[in-house]
There are 2 protein chains.
Amino acid sequence: MAQGTLLYAQSGGVTAVINATASAVIQTARARRVKVLAARNGILGALAEDLIDTSREPLAAIRALAHTPGGAFGSCRVKLKSLEADRARYERLLDVLRAHDVRYFLYNGGNDSADTALKVSRLAAAFDYPLACIGVPKTVDNDLAVTDCCPGFGSAAKYTAVSVREAALDVAAMAETSTKVFVYEAMGRHAGWLAAAAGLAGDGRDQAPHLILFPERPYDEADFLARVKATVERVGYCVVVASEGIQTAEGRFVADAGGGKDSFGHTQLGGVASFLAGRVKDALGLKVHWTLPDYLQRSARHLASATDLDQAQAVGRKAVEYALAGMNAVMPVIVRSADAPYRWKIEAAPLEKVANHEKKMPAGFIRRDGYGITAAARRYLEPLVRGEAPPPYGRDGLPKYVSLKNVSVKRKLPHWTG
Amino acid sequence: MAQGTLLYAQSGGVTAVINATASAVIQTARARRVKVLAARNGILGALAEDLIDTSREPLAAIRALAHTPGGAFGSCRVKLKSLEADRARYERLLDVLRAHDVRYFLYNGGNDSADTALKVSRLAAAFDYPLACIGVPKTVDNDLAVTDCCPGFGSAAKYTAVSVREAALDVAAMAETSTKVFVYEAMGRHAGWLAAAAGLAGDGRDQAPHLILFPERPYDEADFLARVKATVERVGYCVVVASEGIQTAEGRFVADAGGGKDSFGHTQLGGVASFLAGRVKDALGLKVHWTLPDYLQRSARHLASATDLDQAQAVGRKAVEYALAGMNAVMPVIVRSADAPYRWKIEAAPLEKVANHEKKMPAGFIRRDGYGITAAARRYLEPLVRGEAPPPYGRDGLPKYVSLKNVSVKRKLPHWTG
């Protein structure tokens with residue numbers, strides 16, 4: 001039987017399926033009789049020795065995590081600096097792990113988290129403390145290196161494609177006398193993965209979305225407006241999907257062009273969709289609506305992709321297996337062996353290759369005119385949104401999401417104020 | 001066998017289930033061997049003699065309408081004026097009906113549509129033209145008189161409650177280091193029905209949504225901000241749902257307070273959520289996110305309520321039965337006979353009682369403090385969001401929504417330019 005405790009923590013923006021990874025981690029460890037603690041609010045809880053005893057949760061609750069969005073133990077946006085600059089915090093982390101006999105540290109997050117896990121692993125080695133550090137992938141941004149895709153992205157991508165398809169039918173029905181242009185703002189500050197996923201909603205130049213604006217291409221207002229106008233004249237309406245991260249040729253974020261202060265000195269919170277809608281209204285005089293789904297797109301567990309859910313659980317299971325097998329400083333990544341039929345497997349990748357790299361969208365995924373996706377992008381994206389995995393619904397018509405007890409573990413170390 | 005043709009038209013904002021009503025109308029009429037034409041873009045198509053021959057659609061396509069959002073034949077935002085002021089258009093409408101031997105006119109819409117159907121019926125009687133005019137209810141605003149609820153509302157209500165529950169889990173997980181306040185903007189310019197439906201997402205003062213802003217209550221900024229602050233201090237975060245129609249005590253729409261022009265003279269499109277988010281940021285200094293689902297909330301067929309779908313189909317079937325039975329100037333309305341277990345039936349109501357009335361939300365549905373819903377509101381709302389009715393999904397992971405051929409009927413009248 002394995003010895004020592006496993007500590008699991010969630011980091012960065014949560015997703016519709018990060019709890020499915022947590023569910024798989026805890027169930028796999030329980031089956032191997034390994035005790036699982038979770039850090040409250042990610043690395044903050046690990047540093048503060050604010051730990052949760054997952055053994056106090058019944059199996060039904062742990063299973064229900066697989067269909068519950070959000071981050072059940074709390075996550076955080078905290079990036080540890082380099083080993084040198086943040087040495088006190090890394091050492092404190094090691095103290096906490098040692099105090100609770102943690103021999104397996106699973107950090108579920110993005111690039112920064114992989115980097116943190118890697119540094120903790122190096123420090124443990126330097127102190128001769130036997131510790132298996134495993135990074136577990138997660139991000140709706142789909143920007144992790146090495147892995148073919150990131151758990152969380154497929155569900156957000158499915159939400160995006162479905163929402164755009166549905167809203168487009170609404171706009172099409174009303175365009176004769178009402179809204180002619182509709183703008184959908186997709187997450188993606190640096191890469192247009194989610195905007196690209198919207199492209200799955202239709203095919204051909206007359207099907208919505210008619211125009212996709214990618215952060216990978218400079219925003220050219222005159223060209224954009226001319227295309228909106230031409231689309232409305234040809235199709236009768238125009239559905240635009242814009243990535244929040246689009247920039248002008250000078251490298252200025254379009255989102256920052258809106259906003260500012262109103263005449264009362266109040267802050268105006270802008271955003272790309274509201275800015276573009278304003279430009280369409282001013283320059284073309286067309287009736288326009290826009291949507292900013294914001295967190296809805298990354299928490300829509302009700303519309304999760306079955307592929308994404310499978311992969312989120314698979315990386316959780318494999319992370320535990322790697323740890324118990326004595327592997328260290330690795331991440332279970334998704335390897336695609338075929339597009340159609342879609343085949344994938346999990347392999348271990350060194351954290352070194354993942355940490356602090358950012359995967360860009362291949363140039364070959366964006367159509368030559370810059371406003372749509374290519375067949376290659378469809379081949380890549382389509383399997384990721386495939387399959388439905390709805391949560392159970394209650395008699396009240398709402399999904400039955402679980403709320404854990406999250407019982408705290410008794411502290412063993414003095415209070416830390418680092 | 002019945003004689004004459006049935007003309008069906010869709011009017012006003014479309015919903016996730018208005019096509020389910022259309023599907024039921026066409027199937028019921030086909031079973032009775034009555035020919036069904038549809039007007040393209042609602043009353044506009046009827047006036048322009050731009051009609052669609054639904055007999056050219058295979059049964060499978062008509063059945064698939066039941067799971068397809070939007071308005072399959074096109075809708076419009078056009079309100080006919082009084083019989084006196086718009087007499088030429090009413091008479092033209094009668095000419096078109098007569099030219100195509102239309103003996104049954106089914107108008108699927110809200111208050112204005114009920115009024116139009118009523119006037120057409122009176123005019124037909126005055127001209128001794130035998131015509132059965134039936135209003136068929138539809139609106140996400142839930143503001144039709146007489147009927148207990150409106151087809152379209154239940155699905156939008158379910159979307160709202162589910163989305164708020166999901167986003168709240170996201171915010172809860174991140175609040176320690178990231179967003180502390182989240183604002184969701186619900187449709188509802190005059191009545192807070194959809195904002196109220198968000199209240200189903202939680203129960204008790206510590207569950208999201210923590211604050212609901214209704215158009216029925218004046219917006220008091222100081223009180224609102226104090227409650228946001230208190231909620232964040234008590235719970236750690238605060239989820240706000242705001243109806244787009246909230247007004248100050250002076251009767252000014254809060255949505256109009258945002259917007260205006262930026263320093264480049266560009267139009268700033270505001271909205272309630274972005275305005276409130278700006279105030280929270282300025283006055284409380286808290287990190288805030290907001291969402292504007294816009295058309296997504298009324299087109300989300302993927303998350304339709306089974307109750308709503310049943311009712312949308314039932315009013316369609318009954319409308320045809322009423323028409324063929326020779327009833328005139330009536331609307332099939334939903335009558336609730338019990339909350340638990342929920343029981344309802346369809347009855348005929350005179351269009352006179354529906355036309356131009358607006359159903360307000362009962363005062364007893366809003367909590368005494370003005371920021372939440374009562375037990376009575378829950379008893380009313382809960383059955384309406386109950387049950388799931390997902391569309392079929394394709395191998396590509398997206399809902400299989402149907403696109404009709406919409407073959408035009410040959411014109412019989414001279415071109416009309418009224």
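## Strand pairing in chain A

Two strands are taken to pair if DSSP finds at least two bridges between them. In this predicted model, strand β6 (residues 181-186) of chain A and strand β8 (residues 238-243) of chain A meet that condition with 6 bridges, in the parallel sense. One of the residues involved is A:Tyr184, whose bridge partner in β8(A) is A:Val241.

Both strands belong to an open sheet of 4 strands in chain A, ordered β7-β8-β6-β11 with parallel pairing. The edges are formed by β7 (211-213) and β11 (288-291) of chain A; each has a single partner strand, so one side of each is left without a neighbour in the sheet. From one strand to the next, the twist averages 15 degrees.

## Helices across the sheet

Helix α6 (residues 153-174) of chain A lies across β6 and β8 of chain A. Its direction is at about 170 degrees to β6(A).

Helix α9 (residues 272-284) of chain A lies across β6, β7, β8 and β11 of chain A. Relative to β11(A), helix α9 of chain A runs at about 175 degrees.

## Relation between the chains

Two copies of a chain are related by a rotation about an axis and a shift along it. Here chain A is superposed on chain B by a rotation of 180 degrees with 0.0 Å of shift along the axis, at an RMSD of 0.0 Å. That is the relation of a two-fold axis. The same surface serves both copies, as 100% of the contact residues of chain A recur in chain B.

## Nonpolar cores

In soluble globular proteins, nonpolar side chains tend to be buried together. The largest nonpolar core in this model has 168 residues. Those that touch the most other members are A:Leu6, A:Tyr8, A:Phe73, A:Leu106, B:Leu6, B:Phe73 and B:Leu106. A second, separate core has 39 residues, including A:Ile43, A:Val78, A:Leu83 and A:Val120.

In chain B, the loop between β6 (181-186) and α7 (193-198) contains B:Gly192. The relative accessibility of B:Gly192 is 0%, so this residue counts as buried, the cut-off being under 20%.

Apart from neighbours within four places in sequence, the contacts of B:Gly192 are with B:Phe214, B:Pro215, B:Glu216, B:Ser243 and B:Met361. B:Ala389 is 197 residues from B:Gly192 along the chain, and the C-alpha atoms of the two are separated by 25 Å.

How values were computed. Residues numbered from 1 in each chain as written. Chains lettered and ligands numbered in written order. Predicted model: local features only at pLDDT ≥ 70, side-chain atom pairs only at ≥ 80, totals over all residues. Heavy atoms only, no water. Helix = DSSP H or I, 4+ residues; strand = E, 2+ residues; numbered from the N terminus. Buried < 20%, exposed > 50% of the residue type's maximum accessible area, 1.4 Å probe, protein only. Contact = heavy atoms within 4.5 Å. Least-squares fit on C-alpha atoms with pLDDT ≥ 70 in both. Core = buried A, V, L, I, M, F, W, Y, C linked by side-chain atoms within 4.5 Å. Axes fitted to C-alpha atoms, helices over the stretch in contact; angles between N-to-C directions.
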